[in-house]
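Me: I'm new to reading protein models. Could you go through this one with me?

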Amino acid sequence: MSSPTMPDQLADGYNRFVSQRLDEQKQLYRELGQGQSPHTMVISCADSRVDPATIFGAGPGELFVIRNVANIVPAPEAYGEDPDAPLAGTAAALEFAVDHLRVSRIVVMGHAKCGGVAAALGRAQSEAGGEAGAEDASYISRWVGVMAEDASKAVADNPSMQQDGLQQCLEHLNVGSSIERMRGFTFIQRAMEEGRLTLHGAWFSIASAELFWMQDDGEFLSVEA
Ligand SMILES: [Zn+2]
């Protein structure tokens, strides 16, 4: 099979999908064609190394996934009533998952060496060092600005920590804060009060392909496979 317009890398992958998977899963896809009922929503980074379906061994129809830079959930106030406010893609996906698909849980999954976290950390370190924050209107800068408070906290609380440690510290804080901000949405509060939704945090190490699960005290512990 070949297509004159489809890039080879993608066409080759699709050919593998058709030859290796579709036969086994034809029935599953036939059923999924009628509708979806995913059990879990995952909010993950767009990073190519952190695929929720791969990490959780999930097939089609199991996970409702939103991926953005640095797995950030902005607070409800970020959207507000202002018609000029940014389009609320993450909030819309949350609302759809909770109120319409009625997922049982939401997992915010951070990861090691996150570029979005590194950007927020770098800015906080420049500001802590007395450098004027450069005027930066890039989309990335504005988006990771949601992390600014956590980034400043990570820098201020750990003056002698190496860069890798600070980065991991902020990756962990950012997962916890995304969960806290999620609690501000009324549809999430309602679902939790009804006992049909739980919120969780996780962090993936990449190099060791190991998952860590956030505990009630904010610590991340390795998941024994
Ligand atoms: Zn990332």
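Reply: Helices (H or I, at least four residues) and strands (E, at least two) are DSSP runs, numbered from the N terminus. This is a predicted model, where local features need pLDDT of at least 70, side-chain atom pairs count only at pLDDT 80 or more, and totals for chains, interfaces and linings use all residues. Residues are numbered from 1 along each chain as its sequence is written, and side-chain values use heavy atoms, with hydrogens and water left out.

Me: In which helix do Tyr14 and Phe17 both lie?

Reply: Tyr14 and Phe17 sit three residues apart, which is about one turn of the helix. The helix covers residues 8-32, and its name is α1.

Me: Are the planes of the Tyr14 and Phe17 rings stacked, tilted or edge-to-face?

Reply: Rings of Phe, Tyr and Trp (its six-membered ring) pair if their centres lie within 6.5 Å; planes under 30 degrees apart count as stacked, over 60 as edge-to-face and the rest as tilted. Here the ring centres are 5.9 Å apart and the planes are at 35°, so the pair of Tyr14 and Phe17 is tilted.

Me: Is Tyr14 buried, exposed or partly exposed?

Reply: Buried means under 20% relative accessible area, exposed over 50%, and partly exposed in between (1.4 Å probe, protein chains only). Tyr14 has 39% relative accessibility, so Tyr14 is partly exposed.

Me: Which residues coordinate the zinc ion?

Reply: Donors are N, O and S atoms within 2.8 Å of the metal (3.2 Å for Na, K and Ca); water is not among the atoms, so sites may look incomplete. The donor atoms here are SG, NE2 and SG, at 2.1 to 2.3 Å. They belong to Cys45, His111 and Cys114.

Me: How many residues apart are Cys45 and Cys114?

Reply: Cys45 is in strand β1 (residues 40-45). Cys114 is in the loop between β3 (105-111) and α4 (115-128). The pair links distant parts of the chain, and the separation is 69 residues.

Me: How many residues of domain 2 are in contact with domain 1?

Reply: Domain bounds come from an automatic or database domain assignment, with domain 1 at 1-35 and domain 2 at 36-222. Contact means heavy atoms within 4.5 Å. Six residues of domain 1 take part, and on the domain 2 side the number is four.
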